[in-house]
Amino acid sequence: MTHDDITADAVSGPGGTLPGPSAVRPAPSDTDAESTGRDNSPSPADAALPPELAPAALTLFGDRLDLAAAYAELLATDGVVRGLIGPREAPRIWDRHLLNCAAVAERIPSGATVLDVGSGAGLPGLVLAIARPDLTVTLIEPLARRTSFLIEVVERLGLARSVRVFRGRADEAASGSSGREPISGDVVTARAVAPLDRLAGWSLPLAVRGGRLLALKGSSAAAEIEEHADVVARLGGGEPAVRLCGVGVIDPPTTVVEIVRERMVGPARPAARKRARGGRSRRG
């Protein structure tokens, strides 16, 4: 994982929700699309909540469903234009992205601090902040164009009281940089960032002892655990476990690899040089 920006920025300010009418719009029919001559350019209509997903969305977002819908619209328009979401993903924002991420909230304790590594367009960090107003969320993202989008979304959705954006890499957040204090949290989340060994190396140092990494994975979850469990153990993590989130609410449920940080493991120390006779160190 290569990151080209390392400065850290934070967003703070009053919280709240968007004013105005409900942001939840019915999905347009094929006839509507033909009559309006819609092309493939980004459109708020792409963010419409499909009727068949409305019960799941209401279960996961509750009275903040309008806020989730406003975020979906920003992803389908500005997110596509700015290259954070692919055009083909826009019509699938609810099932493949928002609901998939929101289901993970069931693994997060009340009032927890959450650090979202490689947040990108805000998945899953922003979704969790919308679904769970009791959480304090930090979105960790090194790329300038992505952090600019995240800052704008946080401000437009009125989430700045509970969400901040940290521009930098995960290791910089964990160790502190540019005179800033290191940060840590109860829960570290990540989605589509890296294989489990590298992800654990970046994420576990951000978790407090007894905290946990929740890595959203797909069908590769079991294979990654088998391949990288030894590395996770050396990093201070407990035995990785596969959790299915949103069972009975979304289909398919979200697959999460959960790792508890059991031990605090510092950086590896360089091997000591062998000493020659006379007390001088021998160069390798």
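This is a predicted model: local features need pLDDT of at least 70, side-chain atom pairs count only at pLDDT 80 or more; totals for chains, interfaces and linings use all residues.
Residues are numbered from 1 along each chain as its sequence is written. Local features need pLDDT of at least 70 and side-chain atom pairs count only at pLDDT 80 or more, while totals for chains, interfaces and linings use all residues; side-chain values use heavy atoms, with hydrogens and water left out.

**Stop 1: β4 and β5.** Select residues 185–191, strand β4, and residues 207–217, strand β5. Strands here are DSSP runs of E, at least two residues; helices are runs of H or I, at least four; both are numbered from the N terminus. β4 and β5 pair in the parallel sense over six bridges. Pairing takes at least two DSSP bridges between two strands. Pick Arg191: its bridge partner in β5 is Leu216.

**Stop 2: β7.** Now show residues 254–260, strand β7. β5 and β7 pair in the antiparallel sense over six bridges. Leu214 has Glu258 in β7 as its bridge partner.

**Stop 3: Val247.** Move to the loop between β6 (241–245) and β7, where Val247 is found. Buried or exposed? Val247 is exposed, because its relative accessible area is 59% (exposed is over 50%, buried under 20%, partly exposed in between; 1.4 Å probe, protein chains only).

**Stop 4: cysteines.** Select Cys101, buried at 0% relative accessibility. Cys245 is also buried, at 0%. The whole structure has zero disulfides (cysteine sulfur pairs within 2.5 Å).
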